[in-house]
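Hi,

Here is the structure I promised to send over.

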Amino acid sequence: MPSVDNFPIDGIDYIQLAVGNAKQAAYFYSSAFGLRMVAYRGPETGCREQVGYLLASGDVRILVTGAVVADDPVGRHVTRHGDGVVDIALRVSDVDRAYRFATAAGARSIAAPREIRDDCGVIRSATLATYGETRHTLVQRTGYRGVFLPGFVSLPTQATRATPLFHDVDHVVGNVELGRMEEWVEFYRRTMGFSNMLEFVGDDIATEYSALMSKVVADGNRKVKFPINEPAVGPKKSQITEFLEFYDGPGVQHIALATDDIMGAVRRMRAAGVEFLSTPDSYYEMLGEWAGDIGMPVEELRELGILVDRDEDGYLLQIFTAPVQDRPTMFFELIERHGAQGFGKGNFKALFEAVEREQEKRGNL
């Protein structure tokens, strides 16, 4: 007899960003990341306190929100943390079952199950707290025909011949305080039925100056994957410690967007002004010996700064942007998978040395 899934997840429904200026941020993400603005909510649609722009590419949905009035939760979030992720919404088939299971196992409720209606149908949702001020809104949209959520209106289709750059959110990485990674790994196991997919400790993620530890939790179908990082003791300040200081607490460090054409995506995004972390030429000198044949010229990978990693299932290509807001906190990863299920373990040293070079420029290493 099949076991009952008490927390049935269909995937990440959307990721909500709280930003200082939603109109400008939406323009940046649409022009620089190739995301399409598809829906809007604000004073003109009856929402007096906030504005929100929904941007999409494939199954990626990012909701950019800003405050219209001074005393608003989005505005307070930005004042404390800067621009960043406030909600990783999870699409579920049964909100009530998932909510009951999670809260009975100790998850803190922010909002009990409720219905929101309009002429396009009903959305049922509930909200749970996780690390820091990050939350998970559970969304059940079975039969809902609207563009996004009740209260949002469609935006005119943007005239563009460019193909979408991304098709999925591959994973979302959270940074937590020293000594609390295991606590949040256990939280996801206990309240949502996630399992520990991978872990990286000790020399896995260490450079000459700093270190961190990371464990990856995932739902049963591995549609939702959350690496969780904490700092480790090192001679100098780790990137996780820098994040926690500038973000004023734990939060989402980066969002990994899956693409089928990482080279094309990097070229388009660079042309639009997106900055990526640089990789020394020495990284590529031995690349072919351990990464094997990936069917791509090493010189092109070197030119674009794309990293390569291989595991027993295949290989992947990845690259990381610089922080996309004023504070050195949240950034994005571009990832193209060819069978590999990992997270670029072979690139950790190169990545973190690149981060440290940026930290040194800021005087924070």
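The side chains of Asn229 and Asn175 are joined by a polar contact of 3.2 Å. Keep in mind that this comes from a predicted model. Asn229 sits in strand S13, which covers residues 225-232. With a relative accessibility of 7%, Asn229 falls under the 20% cut-off and so counts as buried. If we leave out residues up to four places away in sequence, Asn229 touches Val173, Gly174, Asn175, Val176, Leu212, Met213, Ser214, Ile240 and Gln253.

Two of those neighbours lead on to other parts of the chain. Ile240 is one of the buried residues of helix H5 (residues 239-247), along with Gln239, Glu242, Phe243, Leu244 and Tyr247. Just after H5 comes Asp248, which takes a positive phi of about 60°.

What does S14 pair with? One partner is strand S10 (residues 168-175), in the antiparallel sense and over seven bridges. Within that pairing, Asp168 has Ala258 of S14 as its bridge partner. Another partner is S17, this time in the parallel sense and over five bridges.

Now for S16 itself (residues 314-320). Why can we call it largely enclosed by the rest of the structure? Because seven of its seven residues are buried. Both faces of S16 are covered: one side has Gly314, Leu316, Gln318 and Phe320, the other has Tyr315, Leu317 and Ile319, and all of these are buried. S16 pairs with strand S15 (residues 307-311) too, in the antiparallel sense over five bridges. The two strands S15 and S16 make a hairpin, with two residues between them. Arg310 stands opposite Tyr315 of S16.

On to the rings. How many aromatic pairs does the structure hold? There are 16 aromatic pairs. One of them is Tyr40 with Tyr53, a tilted pair with 5.0 Å centre to centre and 55° between the planes. Tyr40 is in strand S2 (residues 36-41) and Tyr53 in strand S3 (residues 50-57), so this pair ties together parts that are 13 residues apart in sequence. Tyr40 counts as buried because its relative accessibility is 11%, and Tyr53 is buried with a relative accessible area of 11%.

Tyr131 and Trp184 are both buried. They also belong to a cluster, in which ring pairs link Tyr131, Trp184, Phe187, Tyr188, Phe194 and Phe226.

That's what I have for now.

Cheers

Notes. Residues are numbered from 1 along each chain as its sequence is written. This is a predicted model: local features need pLDDT of at least 70, side-chain atom pairs count only at pLDDT 80 or more; totals for chains, interfaces and linings use all residues. Side-chain values use heavy atoms; hydrogens and water are left out. Helices (H or I, at least four residues) and strands (E, at least two) are DSSP runs, numbered from the N terminus. Buried means under 20% relative accessible area, exposed over 50%, partly exposed in between (1.4 Å probe, protein chains only). A polar contact is a pair of N or O atoms within 3.5 Å; within protein, one must be able to donate a hydrogen and the other to accept it, and residues adjacent in sequence count only if both atoms are side-chain atoms. Contact means heavy atoms within 4.5 Å. Two strands pair if DSSP finds at least two bridges between them. Rings of Phe, Tyr and Trp (its six-membered ring) pair if their centres lie within 6.5 Å; planes under 30 degrees apart count as stacked, over 60 as edge-to-face and the rest as tilted.
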